[in-house]
Amino acid sequence: MVLVLLLGLTLAPPMVRVLSERTVILTYHDMVRVRDKSALWFDCTPLELQNQLDWLSSQGAHFISMQQLYRHLTAGSKLPPKPVMITFADNYLGFYYLALPILRGRNVPATMFVHTDFVGAKVGRPKMSWKQLLELDREGLVTIASQTRSHPADLRRLSDRQLALEIAGSKEALEQRLGHPVPFIAYPNGKFDLRVAQFARRAGYLMAFTEEQTPAEVSPSIFEVARYVHTKYREAWKDAGN
């Protein structure tokens with residue numbers, strides 16, 4: 001796979017279809033029980049998550065899955081009114097214990113982006129195990145997707161070989177463990193350029209995500225689909241014309 005990536009032709013990423021809808025994609029990170037001095041800016045408590053989902057629902061939001069978004073952006077499939085997609089980054093164990101019960105209780109689909117070299121890690125903030133990821137995958141409410149192998153701070157700084165190992169390696173690990181294709185990836189920290197997008201495409205991904213903070217349909221290509229950090233959910237809602 002790495003050799004294929006290194007020898008592949010340079011191809012412009014396919015464009016997002018011209019669509020009138022405006023989809024909000026939010027990305028969360030770790031979940032913490034309380035917001036104390038140890039909490040980071042990207043953390044979210046169960047109460048905060050519940051309040052945000054409540055607010056969005058009260059505004060008429062309809063929560064959609066990754067598969068619905070992909071069919072919409074590539075084939076023009078119709079979405080329910082005021083669509084919102086929920087994503088989580090970094091495979092934190094806090095998601096499993098604090099966010100998943102909330103999502104299950106509301107039947108809200110979500111996507112988890114995983115950096116595969118740290119699955120099951122207990123150093124620092126613990127990560128979900130392969131057993132837990134397989135459980136989520138089999139249940140179907142949560143789509144498991146890639147976030148490279150080791151979550152480099154900036155993919156643009158990697159050599160071609162390093163980039164191929166990160167992007168293709170995580171896909172191969174996920175597919176081996178889950179037993180099916182994994183066609184979606186998020187660029188760590190949202191950092192990418194055309195070269196990075198080309199490597200993602202040649203690795204066999206079908207769609208990739210940034211952190212450009214615009215509605216999904218405004219994204220330049222299917223390999224540059226924009227997301228908002230979850231703290232900007234009201235701004236995102238407004239940007240979508242709601």
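**Entry 1: Gln 52.** I began with Gln 52, which lies in helix H2. I was working from a predicted model. Is Gln 52 buried or exposed? I looked up its relative accessibility and found 8%. Buried means under 20%, so Gln 52 counts as buried. Next I listed what Gln 52 touches, leaving out residues up to four places away in sequence. The list holds Tyr 28, His 230 and Tyr 233.

**Entry 2: the whole chain.** I stepped back to view the chain. I noted 8 helices and 8 strands. The C-alpha trace spans about 50 × 45 × 35 Å along its principal axes. I then checked the radius of gyration. For 242 residues, a compact globule would have a value near 18 Å. The chain has 17 Å, so it agrees with that expectation. Buried residues make up 55% of the 242 residues. I also looked at contacts between residues at least 6 apart in sequence. Of these, 68% join residues at least 24 apart.

**Entry 3: H2 against H4.** I returned to the helix that holds Gln 52. Two packed helices are described by the angle between their axes and the distance between the axes. I looked up both values for H2 (residues 46-58) and H4 (residues 93-106). Their axes come within 9 Å and cross at roughly 30 degrees. Angles under 35 degrees count as roughly parallel, so H2 is roughly parallel to H4. The crossing of H2 past H4 is right-handed.

Which residues make the contact? From H2 I wrote down Pro 46, Leu 49, Gln 50, Leu 53 and Asp 54. From H4 I wrote down Leu 98, Ala 99, Ile 102, Leu 103 and Arg 106. Sorted by class, this contact has 7 nonpolar, 1 polar and 2 charged residues.

**Entry 4: H6 against H7.** I took a second pair, H6 (residues 160-178) and H7 (residues 194-202). Their axes are 10 Å apart, and the packing angle is about 45 degrees. That angle makes H6 oblique to H7. H6 passes H7 in a right-handed crossing. On the H6 side I found Asp 160, Leu 163, Ala 164 and Ile 167. They meet Arg 195, Val 196, Phe 199 and Ala 200 in H7. By class I noted 6 nonpolar, no polar and 2 charged residues.

**Entry 5: Phe 192.** I moved to the loop between strand E6 (184-186) and H7, where Phe 192 sits. Its relative accessible area is 15%, so Phe 192 is buried. Which residues does Phe 192 contact, leaving aside neighbours within four places in sequence? I found Arg 156, Tyr 187, Thr 210, Glu 212 and Glu 224. I also looked up a distance, from Phe 192 to Glu 139. They are 53 residues apart in sequence and 32 Å apart in space, C-alpha to C-alpha.

**Entry 6: Ile 64.** My last stop was another loop residue. Ile 64 is placed between strand E2 (62-63) and helix H3 (66-75). How much relative accessible area does Ile 64 have? I read 0%, so Ile 64 is buried. I set aside its neighbours within four places and listed its contacts. They are Thr 23, Leu 69, Leu 79, Pro 80, Pro 83, Val 84, Met 85 and Pro 109. Then I checked Ile 64 against Gln 50, 14 residues apart along the chain. Their C-alpha atoms are separated by 17 Å.

Methods. Residues are numbered from 1 along each chain as its sequence is written. This is a predicted model: local features need pLDDT of at least 70, side-chain atom pairs count only at pLDDT 80 or more; totals for chains, interfaces and linings use all residues. Side-chain values use heavy atoms; hydrogens and water are left out. Axes are lines fitted to C-alpha atoms, for helices over the stretch in contact, and angles run from 0 to 180 degrees between N-to-C directions. Helices (H or I, at least four residues) and strands (E, at least two) are DSSP runs, numbered from the N terminus. Angles under 35 degrees count as roughly parallel, over 145 as roughly antiparallel, 65 to 115 as roughly perpendicular and the rest as oblique. A crossing is left-handed if the near helix is turned anticlockwise from the far one by less than a right angle, and right-handed if clockwise. Contact means heavy atoms within 4.5 Å. Ala, Val, Leu, Ile, Met, Phe, Trp, Tyr, Cys and Pro count as nonpolar, Asp, Glu, Lys and Arg as charged, and the others, Gly among them, as polar. The radius of gyration is taken over C-alpha atoms; the globule rule is 2.2 Å times the number of residues to the power 0.38. Buried means under 20% relative accessible area, exposed over 50%, partly exposed in between (1.4 Å probe, protein chains only).
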